[in-house]
Amino acid sequence: MRWFLLIAVASAVGLACCDSNYNHYRLPTAIRPQKYQLSILTLMEKPEESTFNGTVKIVIEVLENTSNITLHSKDLNIDESQTTLSQVNSAEKQDNCVSSTEVNPNHDYYILNTCQELVAGNVYQLTMSFSADLKALLEGYYRSSYEDPGANETRWITITQFEPAAARLAFPCFDEPNYKATFVVTLGHHKKYNSLSNMPVKETKPHESLPDYVWTEFEESVPMSTYLVAYSINDFSFKPSTLPNGALFRTWARPNAIDQCVYASEFGPKVLQYYEELFGIKFPLPKMDQIAVPDFFAGAMENWGLVTYRESALLYSPEYSALDDKQHTAEVLAHELAHQWFGNLVTMKWWTDLWLNEGFATYVATLGLANVHPEWRSLDKESVSNLLTLFRKDSLESSHPISRPIQLVSQIFENFDAIAYEKGSSVLRMMHLFLGEEAFRSGLKAYLQMYKYKNAEQDNLWESLTQAAHKNGALPKDFDIKTIMDSWTLQTGYPVINVTRDYAAGKAELTQERYLLNTEVSRSHNGGCWWVPLSYTTQSKLDFNNTSPEDWLECSKDGQSLPKTIEKLPGADQWVIFNTKLSAPYKVNYDAQNWKLLIQTLNSKDFESIHLVNRAQLIDDVLYFAWTGEQDYETALGVIEYLRRERELLPWRVALDNLKLLNRIVRQTPNYGSFKRFVKKLITPIYEDLNGINDTFSSIQEKDQILLKTTVGTWACGYQVLDCVPRAVDYFRQWQTDPNPDENNPVPIDIRNIVYCTAIEHGSDDDWEFLWSRYLKANVASEKLTILDALSCSQEVWLLQRLLDMSFDPKGDIRKQNSAWVFTSVATNEVGFLLARKYFMDNVESIYKFYHPLPKVVSRLLPPLYEQIFNRNDYNEFKDFVAHSRESFKGLEQATQQALEIMLTNVQWNERNYANFSSAIREFH
């Protein structure tokens with residue numbers, strides 16, 4: 001239909017339109033845009049018939065002689081009778097023209113063949129008129145809605161989401177990140193609406209022919225990539241705040257949620273100011289708007305000067321949102337505002353180096369969050385969380401390098417994953433720690449200054465940091481950042497360092513190999529060598545705060561690992577720990593004696609002599625090694641048994657994340673009883689110490705102790721520890737009996753997720769209906785998600801089936817963006833897993849269509865399935881299902897490959913470890 005419309009219009013004005021022979025995935029380099037003048041009129045009086053039409057004038061500079069202009073356009077009706085082309089850098093405006101057009105649907109190219117050759121050095125203006133339906137597709141320029149309870153009607157707004165390649169859905173453009181240009185945006189709309197864009201409003205004037213319509217013109221932008229352009233027509237309200245440098249800062253939301261903007265409006269300017277100091281460059285725009293969008297698939301988007309968010313990411317209500325929700329809001333804001341420098345000011349040349357955007361924003365956000373909220377003690381928590389995510393994803397043979405070739409739009413989408421974000425962040429943290437503060441900061445500042453308003457690639461960053469490191473003395477002269485960091489960014493995976501001690505000689509031999517979960521493939525065949533900064537401490541030194549490398553594991557020029565011996569280590573009565581504070585993304589396995597010494601300390605009153613991050617590291621490492629058979633489960637359980645003494649959040653989170661993976665498999669086996677008794681034995685002492693789920697929150701001084709209490713409470717109720725279940729049900733009954741439950745909720749905010757889920761799991765159909773009614777009336781996005789999660793805790797198959805059906809109903813009460821959340825919640829429920837798996841396999845074709853044109857979202861439904869399939873028959877069945885459903889997994893090749901590999905590692909664990917694990921768990925419970 002799209003191309004039919006183009007052909008029809010082209011034929012009407014006498015232009016031949018055909019498929020193009022040009023099929024390279026990148027635009028030709030003969031032309032560069034300098035400036036866009038974009039005017040768009042939005043008509044949405046009849047929501048289902050909403051449209052937009054516009055004109056774009058692109059000033060283009062010709063770098064090489066050429067007879068065509070190739071740009072991007074997708075699903076736009078272009079009125080070719082209005083297309084004009086003229087030279088504008090001569091004394092007189094000289095007209096050229098377009099003789100014919102071609103299209104390439106594979107790459108969304110729209111090619112204009114010119115009447116006369118465009119000459120290098122000349123500047124031309126291309127004018128094009130276009131129109132399209134304004135759909136609710138959640139990408140490009142689209143519409144979103146919310147309910148106005150006062151008027152009892154649906155209100156409509158418009159918003160954009162262009163990253164990575166959807167500006168072409170909104171206007172014809174050179175839609176690649178290295179084609180930066182300035183933008184003058186003018187929006188036509190009914191005067192009852194606000195209009196927002198990247199820049200402040202310059203002027204508003206009446207529309208020339210439409211009554212009650214206006215044109216709002218915005219100031220010319222700084223040079224930026226097309227994916228950062230943003231605009232919105234809405235009837236929202238805003239909460240103002242001001243940056244110290246005078247820039248206007250506004251936080252926008254639907255009018256009945258404006259009271260939820262207070263926290264974001266306070267936090268945003270603070271973290272932006274921190275980044276100005278960190279980078280030594282002022283925020284370059286005169287204003288910053290951030291807006292909460294009711295329908296939004298991404299968590300948030302860093303559009304320069306107009307950052308867009310899901311409501312659950314931006315809005316925070318002290319009356320309804322838990323501390324976890326507040327921290328999530330702060331994390332997302334810190335990430336998006338970091339992008340204003342890394343991504344917006346300096347942009348990657350091509351999506352190969354997406355990690356320069358996302359890895360940097362993820363890492364710098366941890367610094368920003370720690371600066372604004374030191375009381376949260378979040379730096380270690382965020383850093384370890386990122387490491388744990390990458391350890392899981394990057395241990396797959398089907399993982400990929402941080403920096404990798406990208407040739408298709410679907411590949412760009414797949415690049416937005418844990419490798420770009422969490423691994424990118426973790427290798428930057430490693431570099432920060434081995435360079436030290438001064439060299440790291442001065443290198444970043446030099447990089448940003450050199451490439452501001454331009455594009456860069458990772459080698460440019462390495463050059464700036466190497467110069468700073470050598471000048472500062474932070475790195476030996478014969479070391480350079482590129483050699484070190486390329487080993488982490490250009491190859492897949494991460495190493496495990498095997499430490500074998502010679503106790504009599506006081507030394508240790510260190511070797512490295514790629515760590516893989518899949519035990520059926522050869523690690524040596526997968527090879528790899530990493531430049532590894534070696535920090536370590538001993539039982540007598542306890543120098544955990546020194547994260548500078550004492551030595552390096554190095555690689556030869558042909559990529560082979562060079563042998564390393566560490567001297568002057570203690571004798572057989574003292575342990576050694578490598579990778580202090582998990583300063584680099586690698587795992588460490590020790591000989592049996594060193595593990596024995598570590599277990600003795602952990603299970604003694606001196607366990608806190610080991611830094612809490614390294615306690616978390618030991619737990620994670622030993623449970624991974626037990627999974628892959630490098631350690632037995634007697635050793636692994638011997639390590640985590642010390643948790644009965646542990647009272648810090650981080651080691652508990654790491655342990656429970658690992659036990660959760662075991663739980664999802666073991667709960668389907670006859671030995672689940674032993675596992676449950678082991679978990680209860682671990683959790684009972686800390687549950688009692690924290691006074692269960694009683695409301696003691698006001699007396700807790702440390703914020704992470706609140707998170708510890710809620711984390712332990714979740715597991716305690718799940719495993720029916722002591723009074724957890726009856727206490728939760730009692731809270732819920734108090735709420736149910738309140739005459740006005742939508743206004744009054746006696747359940748403590750931070751344990752509402754525990755109470756709701758437990759009450760539904762052990763409750764009746766009436767309890768479920770009560771909570772569903774609260775969902776329908778809730779006005780806070782995070783509260784809605786908490787309720788949806790809890791509704792999935794039901795043990796009634798028919799209620800879970802109803803929830804699944806509602807989640808994939810386009811006209812239902814659950815927003816499309818939350819459907820994957822509900823599916824995951826149902827599938828992680830013991831009763832819901834088989835139901836969800838069957839639902840997915842029976843309906844994969846309609847689910848794929850439901851998410852069109854964003855099929856990547858289908859990949860979000862896979863984790864709860866691949867985490868729980870562990871026998872070979874089920875694995876083979878799912879493998880065959882994927883093979884026979886290729887159309888429904890189009891663009892998801894990486895996600896399906898990884899899902900199947902994780903299922904296979906579960907099968908391997910079951911066949912290799914289940915007996916050993918069952919025997920060990922019986923000993924320890």
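1. The structure holds four cavities of 30 Å³ or more. A cavity here is a set of points, on a 1 Å grid over the protein atoms alone, where a 1.4 Å probe fits but cannot get out. Grid points are joined across faces, edges and corners, and a volume is the space filled by probe spheres set on the points.

2. This is a predicted model, in which local features need pLDDT of at least 70 and side-chain atom pairs count only at pLDDT 80 or more, while totals for chains, interfaces and linings use all residues. Residues are numbered from 1 along each chain as its sequence is written, and side-chain values use heavy atoms, with hydrogens and water left out.

3. The largest cavity contains about 90 Å³ of space. Its lining (residues with an atom within 4 Å of a point) consists of R392, L517, L623, Y624, W627, Y633, N658, L661 and L662. Two or more of the lining residues come from each of α14 (612-627) and α16 (649-666); helices are DSSP runs of H or I with at least four residues, strands are runs of E with at least two, and both are numbered from the N terminus.

4. By class, the lining of the largest cavity has seven nonpolar residues, one polar and one charged. Ala, Val, Leu, Ile, Met, Phe, Trp, Tyr, Cys and Pro count as nonpolar, Asp, Glu, Lys and Arg as charged, and the others, Gly among them, as polar.

5. For the second largest cavity the volume is about 50 Å³. Its lining includes M430, L433, F434, P533 and L534. At least two lining residues each are supplied by α8 (419-435) and β27 (532-534), and α8 gives the most, with three residues.

6. The lining of the second largest cavity has seven nonpolar and four polar residues, and no charged ones.

How values were computed. 1 Å grid on protein atoms, 1.4 Å probe; cavity = no way out; pocket = protein on both sides within 12 Å on 5 of 7 lines; lining within 4 Å.
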